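I opened my notebook to look up a few things in this structure. Here is what I went through, entry by entry.

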Amino acid sequence: MKKINQRQVEFDCEDIFPKRWSPRSLSPEVTKEDLMKCFEAARWAPSSYNGQPWRFVYAINRTPAWDILKQIPNEFNQKWALNAGALVLTVSRKTFAYKNKPNIHYAHDTGAAWMSFALQAEMQGLYTHAMAGIEYEKAKELLKIPEDYEVLAMFAVGKMGSKDSLPQDLKDKEAPSQRKPVSEFTFEGVFQADKPEEKKDE
Ligand SMILES: Cc1cc2nc3c(=O)[nH]c(=O)nc-3n(C[C@H](O)[C@H](O)[C@H](O)COP(=O)(O)O)c2cc1C
């Protein structure tokens, strides 16, 4: 079976999936048009009751919006993400527009929209890198995000940049990651919880 990006494919899916990965060496060339095509892809994600809970706040490098969004990645992520072409904050509405009823699938559906964005970006020759390491409360304050919306994550977008833009520790880690085998997360008609992790020697 094929190997893509140093990733051994087990079953013959389309190349775009193993091809997508999250580099930290990103370069700042991203246009608004690039981003809008990716948001268009995100737009067509499926969602519970077609509620479309995803909201994206974006900033392109060297614009006034960048000065706001660049404050949101934590110290670790600022080391690499501020070289990117754009930062996008992923926010989700936790309620449906209809009577403000709770939407328990908001994170599920917003995740689907982010992935559509990421795959469209990949097809445009751009890279995305998501971040959980962000200042959530600061993001809410800076952008005046109300209580019925949740800040889920942020992601950086860019072309592949030079590894030399990274500090040495990140340079050493800059490679596509591997995955569990398909058999570890798919079960025919039964559920199997993960086995407890084997205790590693100190
Ligand atoms: C929700 C989410 C949060 C993540 N948070 C961070 C982060 O804070 N910093 C970071 O460098 N990478 C972060 N990552 C990147 C993951 O480590 C990466 O996606 C994972 O190792 C799989 O590698 P790949 O995307 O290259 O296939 C995050 C990814 C996701 C989806």
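Helices (H or I, at least four residues) and strands (E, at least two) are DSSP runs, numbered from the N terminus. The model is predicted, so I noted that local features need pLDDT of at least 70, side-chain atom pairs count only at pLDDT 80 or more, and totals for chains, interfaces and linings use all residues. I also jotted down that residues are numbered from 1 along each chain as its sequence is written, and that side-chain values use heavy atoms, with hydrogens and water left out.

I found 15 residues around the ligand, and the closest are Arg7, Ser22, Arg24, Ala132 and Arg179. Being near here means that one heavy atom of the residue lies within 4 Å of the molecule. The shell splits into 6 nonpolar, 5 polar and 4 charged residues. Ala, Val, Leu, Ile, Met, Phe, Trp, Tyr, Cys and Pro count as nonpolar, Asp, Glu, Lys and Arg as charged, and the others, Gly among them, as polar.

**Polar atoms at the ligand.** Which distance did I get from a polar side-chain atom of serine 22 to an oxygen atom of the ligand? I read 2.4 Å for serine 22. For serine 177 I read 2.9 Å, again to an oxygen atom of the ligand. An N or O atom in the side chain of arginine 179 is 2.8 Å from a ligand oxygen. The ligand alone exposes 620 Å², and the protein buries 65% of that; such areas come from the Shrake-Rupley method with a 1.4 Å probe, and for residues only the protein chains shown count as cover.

**Threonine 110.** I found threonine 110 in helix H5 (residues 106-123). Is it buried or exposed? Threonine 110 counts as buried because its relative accessibility is 1% (buried is under 20%, exposed over 50%, partly exposed in between, with a 1.4 Å probe and protein chains only). Leaving out residues up to four places away in sequence, threonine 110 touches Pro53, Trp54, Thr90, Val91, Ser92 and Leu152 (contact means heavy atoms within 4.5 Å).

**Aromatic rings.** I counted 8 aromatic pairs in the structure. Rings of Phe, Tyr and Trp (its six-membered ring) pair if their centres lie within 6.5 Å; planes under 30 degrees apart are stacked, over 60 edge-to-face, the rest tilted. Phenylalanine 56 and phenylalanine 155 are edge-to-face, 6.3 Å centre to centre with 75° between the planes. Both phenylalanine 56 and phenylalanine 155 are buried.

Terms used. A polar contact is a pair of N or O atoms within 3.5 Å; within protein, one must be able to donate a hydrogen and the other to accept it, and residues adjacent in sequence count only if both atoms are side-chain atoms.
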